[in-house]
Structure formats: structure tokens, C-alpha cells
Amino acid sequence: MRFSIITPTFQPGPWLRLAVASVADQAGVEVEHLVQDAGSEDGSLDGLRDNPRVRVVVEADAGMYDAINRGLRRATGEVLGYLNADEQYLPGALARVAAFFASHPEVEVVFGDAVLIDAQGRPVSYRRVVRPERSHVRFVHLNTLTCATFFRRSVLERGLFFAPEWKAIGDAVWVERLLAEGVRVAAWPELLAAFAFTGSNLGASARAGEEARRWQGKAWQRRWAPVFSLVHRVRKWRAGAYRAHALEIDLYAPDSPTQRRHFSGTVGYGWPR
């Protein structure tokens with residue numbers, strides 16, 4: 001089972017090295033890693049063009065989701081994912097995903113668990129996944145993280161690429177479309193990836209809020225958001241999302257970009273502020 005991982009970048013800084021390292025050390029699977037860059041001049045691509053484990057394409061794009069689509073059209077893998085520069089896979093994540101898809105041939109998209117890390121690379125929160133529902137995704141927020149999302153090539157063959165006209169909420173629009181089109185998805189409580197909360201994440205930006213309000217449509221529809229949120233919270237509680245999780249994981253960190261550091265401890269479920 002061949003994987004294609006797309007990393008869209010523009011001035012990603014030192015985080016990109018960690019993402020690339022986390023893909024390169026995945027064992028037991030065949031992986032192509034495509035870095036789709038919009039013309040970074042911060043030195044982040046230095047050395048990558050000579051790295052046989054990465055394919056770097058530098059070209060102008062119309063934003064992150066256009067860059068992802070460009071990478072997906074170049075991809076050759078049976079299973080695909082996209083990993084932002086400030087994210088990383090945990091050891092053996094892709095082998096576990098391959099085993100999941102092999103034993104669940106009916107599933108086209110799988111959403112896994114992720115851990116949030118701070119700017120120093122320390123775990124601060126555990127995010128337990130539950131199956132997304134259309135009403136919650138559209139009128140509250142997207143409860144899955146793309147770094148722990150993987151999908152079969154059949155999704156692309158159905159034309160379900162990202163909508164590049166959305167610059168900040170394309171993930172949510174894409175997932176809602178998957179559900180609307182009847183794509184078979186699964187929530188899998190398996191820890192697969194880490195997401196760095198640096199304080200400058202696009203999903204927390206003012207632009208994301210403006211796009212979400214425009215996407216949600218009429219005010220009378222938005223009035224149902226508290227109901228959708230309550231139902232979602234009950235589902236998360238039943239899945240154990242609100243309890244603390246004991247972790248034994250190995251992560252790359254800004255001060256350890258070439259060797260994973262071991263973390264042992266317990267983290268809660270809150271979103272960093």
C-alpha cells in the first residue's frame with residue numbers, strides 16, 4: 001500500500017524540517033512525500049531538493065488548498081494525506097493506517113487521534129476523534145485534524161478535491177462535502193500525529209471566522225448551533241474525549257530536529273490559548 005503525503009508550504013520556517021523527518025522515518029510502508037511550495041525565501045527549503053525522500057515543487061498557487069490540490073494531482077499513492085509544516089506523524093503511524101485500511105476495505109476516509117504540542121514541542125492536549133456530523137461541522141467547527149486524516153484514491157477519482165476559493169476553512173468544507181456525497185468515513189481512536197499550536201494557526205485566524213460566517217448562511221440556521229454543539233459534546237464524552245490521557249510518545253522538537261525526543265506524562269483535553 002503506497003502512501004502519498006502532501007505538505008503545502010510558504011515561508012514555513014524551521015517546523016518544516018520536523019514534518020519532513022517524521023515522514024522519512026516511517027517504517028514498513030512505501031511513501032512519497034511531496035512538498036508543494038509557493039516560493040518560500042526563508043531558507044526552509046535549503047537541502048530539501050537534494051533529499052531523495054522528498055520531492056519539492058516550487059510554483060505559484062492560489063492559496064493553501066490550491067497547493068494541496070496540485071500536490072494531490074501529482075500524487076501516485078493508493079492512500080493520501082496532507083501534513084502541514086507545523087505537524088508531524090508519530091512513529092509507525094502510516095503502517096498502522098495501512099493495516100486499518102487493509103482490514104476495513106469499505107472505509108474510504110479515516111480520522112484518527114492527535115496530540116497538540118506547544119512551540120517548544122511539548123505535548124499539551126490530547127484530541128480524541130469522533131465521527132464528524134454535517135450539522136456540527138458546518139455550524140460549529142470541524143472536530144477532526146487533517147494531520148490524522150487519510151483517504152483512499154477513490155475520493156479523488158470522485159472529484160472530491162479541496163475548494164480553493166476558501167482560504168482558511170477549506171478543511172471543514174471538504175469534510176462536509178464528503179459526508180454529503182455519502183463517502184464512507186470512520187473515526188478511529190488511534191494516536192497518529194502531532195499538531196503544533198504556535199499561536200499563528202490559520203484555523204484560529206479572523207479570516208477563518210469571517211469565512212465560516214459566510215459559509216454558514218442564513219442567521220436562522222445558525223441559531224441551531226448550540227443544539228449541534230451539545231449533541232457533539234455528549235458524543236465526545238461517551239468516547240472518552242474529556243479525560244486525561246497518559247502518553248509515551250516520541251516527537252521531533254525545534255531543538256531536536258534530527259532525533260525524536262521521548263515524552264512520558266499525562267495531558268488533558270483542552271485547547272491551548
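Predicted model: local features only at pLDDT ≥ 70, side-chain atom pairs only at ≥ 80, totals over all residues.
Begin by selecting Tyr82, Thr146, Thr149, Phe151, Phe162 and Trp174, which together line the largest cavity. Its volume is about 40 Å³, and the structure holds one cavity of 30 Å³ or more. If you colour the lining by class, you will find four nonpolar residues, two polar residues and no charged ones.

Keep Trp174 selected and show what surrounds it. Leaving aside residues up to four places away in sequence, Trp174 touches Thr149, Phe151, Val155, Leu160, Phe161 and Phe162.

Next, turn to the largest nonpolar core, a set of 32 residues in which Leu72, Val109, Phe151, Val155 and Trp174 have the most contacts. To see which elements give two or more residues to this core, select helix H2 (64-74), strand E4 (79-82), strand E6 (109-117), helix H5 (153-157), helix H6 (170-180) and helix H7 (206-216). The largest share, six residues, comes from H6.

Finally, select helix H9, which spans residues 225-238 and contains Pro226. Is Pro226 buried or exposed? Pro226 counts as exposed because its relative accessibility is 56%, and the cut-off for that class is over 50%.

Definitions and conventions. Residues numbered from 1 in each chain as written. Heavy atoms only, no water. 1 Å grid on protein atoms, 1.4 Å probe; cavity = no way out; pocket = protein on both sides within 12 Å on 5 of 7 lines; lining within 4 Å. Points joined across faces, edges and corners; volume = space filled by probe spheres on them. Nonpolar A, V, L, I, M, F, W, Y, C, P; charged D, E, K, R; others polar. Core = buried A, V, L, I, M, F, W, Y, C linked by side-chain atoms within 4.5 Å. Buried < 20%, exposed > 50% of the residue type's maximum accessible area, 1.4 Å probe, protein only. Helix = DSSP H or I, 4+ residues; strand = E, 2+ residues; numbered from the N terminus. Contact = heavy atoms within 4.5 Å.
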